[in-house]
Amino acid sequence: MLPPLGPLRAFEAAARLASFSRAADELHVTHAAVSHQIRQLEEWFGRPLFLRQKRGVRLAPEAERLAEALSASLDRIAAEAEALRLRTKSEIIVACIPSIATRWLIPALSDFLATHADIMVKVVYAAAAQRLRETGCDVLVTLGADTSDGVLCRRLFSRANKPVASPRYLEGKGNLTNAEQIARADLLHDETMTHWEQWFAEAGLQPGRAPRGPVFQDFNLLATAAIAGHGVALCPVEVCRREITNGDLVVLSDISVLDEESYFLISRAARHKAVAAFCDWFQQVVDPAARY
């Protein structure tokens, strides 16, 4: 005969967390509800399962094996449920940093949906350097690799930043052909002036030279300002490949910074076929020569 299943879940959480209050928080119920379910279970067994103390509760020694068996069983149930969900679901959630979402993902997304009408795609924001387990999503496009176990990473773009400006800006300033001329231009910054300071050093300019100009909290704001002709920005040239190719931005120097960093396409190693299809498709959007 099985004990009542609802109280067993409360018991497992309370035993694992050594707290009725923390178990209540995890289960999204009240402390009183957990206490009531534990009492119900203790009545069923005819013995106390926890030792009540002034500063909390402690699992009774005779209940330890039950707690271990429940934890192992629930972990297995959760794993099997997730596997079944991945095999049957037709919705995938993609977390993507705004710079790549606006330039690469969203403009091409209709092509994926047209050829995968059975798959629903939800796009949400991702933060730079975020990890897949932190998002709860199926796919993550972000800055930096995810080295967690059970995760697949595909490199999309280098983060190598070079100075760029719009033809509109260059019309008023003339050609900016060397590092000294670029350093005297109207400089635009992405969140911090540090990257221009790094570029000055890489270009061999006088140490301690302070950059100037407005700082933009978001890369999309920075790129918009550069395209509008407000000055020279350090931009990841691979991410801005289309703006450079169509002439909205001009690369002013081959000197670059942040070359060692990259943007990645990240998913779980055990993937539903819809996730695999999306990842293969997006890699080919970025690199049409890619084959799998």
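Predicted model: local features only at pLDDT ≥ 70, side-chain atom pairs only at ≥ 80, totals over all residues.
Residues are numbered from 1 along each chain as its sequence is written. Local features need pLDDT of at least 70, side-chain atom pairs count only at pLDDT 80 or more, totals for chains, interfaces and linings use all residues, and side-chain values use heavy atoms, without hydrogens and water.

Me: What makes glutamate 26 and arginine 9 a salt bridge?
Reply: The term needs a side-chain nitrogen of Lys or Arg within 4 Å of a carboxyl oxygen of Asp or Glu. Here N to O is 3.6 Å, so the pair qualifies. The structure holds 12 salt bridges.

Me: Why is glutamate 26 called partly exposed?
Reply: Buried means under 20% relative accessible area, exposed over 50%, and partly exposed in between (1.4 Å probe, protein chains only). Glutamate 26 has 32%, so it counts as partly exposed.

Me: How do you know that glutamate 26 forms a salt bridge with arginine 16?
Reply: Their closest N and O atoms are 2.6 Å apart. Glutamate 26 lies in helix α2 and arginine 16 in helix α1, so the pair ties together parts 10 residues apart in sequence. Helices here are DSSP runs (H or I, at least four residues), and strands are runs of E, at least two, numbered from the N terminus.

Me: Why is arginine 159 called buried?
Reply: Its relative accessibility is 15%, so arginine 159 counts as buried. Its salt-bridge partner is glutamate 261, at 2.5 Å, N to O. Glutamate 261, at 25%, counts as partly exposed.

Me: Which residues do shared partners join into one network?
Reply: Arg9, Glu12, Arg16 and Glu26.
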